[in-house]
Amino acid sequence: MTIRRDLALCGVGMRTNMFACQYLMDNDLLGTDRFGVVLDRNDLSQQRMHLDTFFNMVDAQTALLLDFSTVPGGKEKDLRRFVQLYKKDEQGKYQMYREV
């Protein structure tokens with residue numbers, strides 16, 4: 001999912017793994033200088049496996065996120081997503097610089 005000209009996101013969970021994201025970065029297939037890998041470590045639900053089922057861009061500066069506490073069982077289960085942020089270094093290789 002391209003967010004802006006300099007940022008793309010990819011979800012890792014039920015169907016996509018980190019090897020796919022690494023392949024995109026290693027082969028410079030993203031077309032952006034920054035890349036966010038959105039990790040679904042706990043939820044693994046068919047209903048929320050695609051980024052656009054819980055996250056949508058309203059405009060270039062605003063995102064709309066699902067309040068996971070409204071999801072059945074969401075208050076008891078940890079449904080959070082974590083994001084590993086990568087950016088290109090001077091050699092054009094992606095390096096992780098933060099996890100949120």
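Modeller: Gladly! Let us begin with the overall form. With 100 residues, a compact globule would have a radius of gyration near 13 Å, and the protein chain has 14 Å, which agrees. That radius is taken over C-alpha atoms, and the globule rule is 2.2 Å times the number of residues to the power 0.38. Please keep in mind that this is a predicted model: local features need pLDDT of at least 70, side-chain atom pairs count only at pLDDT 80 or more, and totals for chains, interfaces and linings use all residues. Residues are numbered from 1 along each chain as its sequence is written, and side-chain values use heavy atoms, with hydrogens and water left out.

Biologist: What does the C-alpha trace of the protein chain span along its principal axes?

Modeller: The span is about 45 × 30 × 20 Å.

Biologist: Why is Met25 called buried?

Modeller: Buried means under 20% relative accessible area, exposed over 50%, and partly exposed in between (1.4 Å probe, protein chains only). Met25 has a relative accessible area of 3%, so the residue counts as buried. Met25 lies in helix 1, residues 18-26. Leaving aside neighbours within four places in sequence, Met25 is in contact (heavy atoms within 4.5 Å) with Met18, Leu30, Phe35, Tyr86 and Tyr94. Over the protein chain, 34% of the 100 residues count as buried.

Biologist: And what makes Ser45 buried?

Modeller: Its relative accessible area is 14%, which is under 20%, so Ser45 is buried as well. Ser45 lies in the loop between strand 3 and strand 4. Not counting residues up to four places away in sequence, Ser45 touches Met14 and Asp40.

Biologist: Where is Leu44 found, and what is its phi?

Modeller: Leu44 is found in the loop between strand 3 and strand 4. Its phi is near 45°, a positive value in a residue other than glycine. With a relative accessible area of 43%, Leu44 falls between 20% and 50%, so the residue is partly exposed. Asp28 also has a positive phi, about 50°, although it is not a glycine. The place of Asp28 is in the loop between helix 1 and strand 3, and its relative accessible area of 40% makes Asp28 partly exposed.

Biologist: How do you know that Arg4 forms a salt bridge with Asp6?

Modeller: A salt bridge is a side-chain nitrogen of Lys or Arg within 4 Å of a carboxyl oxygen of Asp or Glu. The closest N and O atoms of Arg4 and Asp6 are 3.4 Å apart, so the pair qualifies. Both partners are partly exposed: Arg4 has 32% relative accessibility, and Asp6 has a relative accessible area of 30%.

Biologist: What else does Asp6 meet in a salt bridge, and what does that pair tie together?

Modeller: The side chains of Asp6 and Arg34 meet at 3.4 Å, N to O. Asp6 lies in the loop between strand 1 (2-4) and strand 2 (7-12) and Arg34 in strand 3 (residues 34-39), so the pair ties together parts that are 28 residues apart in sequence. At 22% relative accessibility, Arg34 counts as partly exposed.

Biologist: Which residue forms a salt bridge with Arg81?

Modeller: That is Asp43, with the closest N and O atoms 3.1 Å apart. Arg81 lies in the loop between strand 5 (62-65) and strand 6 (82-88) and Asp43 in the loop between strand 3 and strand 4 (55-59), so this pair ties together parts that are 38 residues apart in sequence. Arg81 and Asp43 are buried. A network of salt bridges links Asp40, Asp43, Arg48 and Arg81.

Biologist: How many salt bridges does a search of the whole structure find?

Modeller: The search finds seven. Side chains of opposite charge can pair when their charged atoms come close.

Technical notes: Helix = DSSP H or I, 4+ residues; strand = E, 2+ residues; numbered from the N terminus.
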